[in-house]
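Please open the model in your viewer and keep the selection panel at hand. The tour goes from one selection to the next and says what is there.

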Amino acid sequence: MSAESTHLFTAHERSFETSRFVYPVVSRRSHGVSIGVNLNPDKVCNFDCIYCQVDRVEKSETRFVEMPELLRELDEMLAMVTGGELFETAKFRDTPEHLRRLNDIAFSGDGEPTTYRNFDEIIAACAELKRKHGLDYVKMVLITNASMFHRPAVERGLALLDANQGEIWAKLDAGTDAYYHLIDRTTIPFRQVLDNIAAAARVRPIVIQSLFMRVENVPPSEAEIDAYCERLNEVAAAGGRIKLVQVYTIARRPAESFVTPLSNEEVDAIAGKVRAKTGLPAECFYGVAL
Ligand code: SF4
């Protein structure tokens, strides 16, 4: 390694380690690298899901999104992944060759990304950076609880995603109002979320992400999963398109100790019911013993 590249490597490693808004993840699921963009560094969310992994007890150092700094970090990270420098860093050195491709830029982080006030502006600026790096094929994934789609700035942001290989992964963790409030612990009405999902799915096909678990050792009832399948069918009946249902369970230790994973068989059974009752494709993501 030449002196110059050593210098570059060191500088990049330092800035990567201290990034506040952008973080790379190697994802076997997406067969490549996903660059996460955190639009909620203040760790504030309009949901308080019982399975959330964000540690809200420990205060964050960064409270607000500084857009120029976020874009600088993303610019640098895109260069690091495409130039291969990321894989010279200690953390990513062992990444297998076939996973060293950039799959997506994912808007997720420590809260609900669509609550960010200038959501459309940030999506536009990130899409512009993606273009600048010649990465038209790279997806932009919005991981969302679907609570804010009705806001004009979010609607504009979703349209920008559509124009830039965007994909919407919307959370739906329940079939009934009571279970939704038990799991997602929010003041946002279930009806609002369901209407938002249907409205977004009418414009483009979306992915549904659902996380089921044991609460105080009790898995969701058959009736709850039946109701959940009915909610999915209502999206289709309203003219919405769902391209995939992802059925998850707990894979990392959540904040609440009374939440534990389902068995692989239980996850399979839910996905099987989704396929049988809705005709939609469903993928399973299993848990780990905690
Ligand atoms: S919506 Fe996401 S970030 Fe917010 S509480 Fe739920 S899991 Fe956590």
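This is a predicted model: local features need pLDDT of at least 70, side-chain atom pairs count only at pLDDT 80 or more; totals for chains, interfaces and linings use all residues.

Residues are numbered from 1 along each chain as its sequence is written, and side-chain values use heavy atoms, with hydrogens and water left out.

**The ligand**

Cys-45, Phe-47, Asp-48, Cys-49, Tyr-51, Cys-52, Arg-56, Gly-111, Asn-145 and Lys-171 surround the ligand. Colour this shell by class: five residues are nonpolar, two are polar and three are charged. In this scheme Ala, Val, Leu, Ile, Met, Phe, Trp, Tyr, Cys and Pro are nonpolar, Asp, Glu, Lys and Arg are charged, and the others, including Gly, are polar.

**The nonpolar core**

Next, select Ile-208 and Val-245. In the largest nonpolar core, which has 87 residues, these two touch the most other members. A core of this kind is a set of buried Ala, Val, Leu, Ile, Met, Phe, Trp, Tyr and Cys residues joined through side-chain atoms within 4.5 Å. Buried means under 20% relative accessible area, exposed means over 50%, and partly exposed is in between (1.4 Å probe, protein chains only). Helix H2 (residues 67–83) gives the most to the core, with seven residues. Helices (H or I, at least four residues) and strands (E, at least two) are DSSP runs, numbered from the N terminus.

Stay on Ile-208 and show its contacts, meaning heavy atoms within 4.5 Å. Apart from neighbours within four places in sequence, Ile-208 is in contact with Ala-170, Leu-172, Ile-197, Tyr-228, Leu-232, Ile-242, Leu-244, Val-245 and Gln-246.

Move to Val-245, in strand S8 (residues 242–248). Val-245 is buried, at a relative accessible area of 0%. With neighbours within four places in sequence left aside, its contacts are Ile-208, Tyr-228, Leu-232, Val-274, Leu-280, Pro-281, Ala-282 and Glu-283. Of these, take Leu-280: its C-alpha atom is 7.1 Å from that of Val-245, though the two are 35 residues apart along the chain.

**Helix H4 and its cover**

Select the buried residues of H4: Ala-153, Val-154, Gly-157, Leu-158 and Leu-161. Looking down the axis of H4, you will find them within an arc of 140 degrees, so they line one face of the helix. The arc is taken from the directions from the helix axis to the C-beta atoms. Among the parts that cover these residues are H3, strand S4 (139–144) and strand S5 (166–171).

**Salt bridges**

How many salt bridges does the structure hold? There are 19, each being a side-chain nitrogen of Lys or Arg within 4 Å of a carboxyl oxygen of Asp or Glu.

Start with Arg-156 and Asp-120, whose closest N and O atoms are 2.8 Å apart. Arg-156 is in helix H4 (residues 152–162) and Asp-120 in helix H3 (residues 119–132), so the pair ties together parts that are 36 residues apart in sequence. Arg-156 is partly exposed at 46%, whereas Asp-120 is buried at 14%. Leaving aside neighbours within four places in sequence, Asp-120 is in contact with Ala-153, Arg-156, Gly-157 and Leu-160.

Go on to Arg-191 and Asp-195, which form a salt bridge at 3.0 Å, N to O. Both are in helix H6 (residues 190–203), four residues apart, about one turn of the helix. An α-helix has 3.6 residues a turn, so residues three or four places apart point the same way. Arg-191 is partly exposed at 47%, and Asp-195 is partly exposed at 39%.

In helix H7 (residues 222–237), select Glu-234 and Arg-231, three residues apart. Their side chains meet in a salt bridge of 2.9 Å, N to O. Glu-234 is partly exposed at 35%, but Arg-231 is buried at 14%.

Then select Glu-222, Asp-226, Lys-273 and Lys-277, which a network of salt bridges links.

**Two loop residues**

Finish with backbone angles. His-31, in the loop between strand S1 (22–27) and strand S2 (32–38), has a phi near 55 degrees, a positive value in a residue other than glycine. Asn-217, in the loop between strand S7 (214–215) and H7, has a positive phi too, near 75 degrees. Asn-217 is exposed, with a relative accessible area of 56%.

Terms used:
A residue is near a molecule or strand if one of its heavy atoms lies within 4 Å of it.
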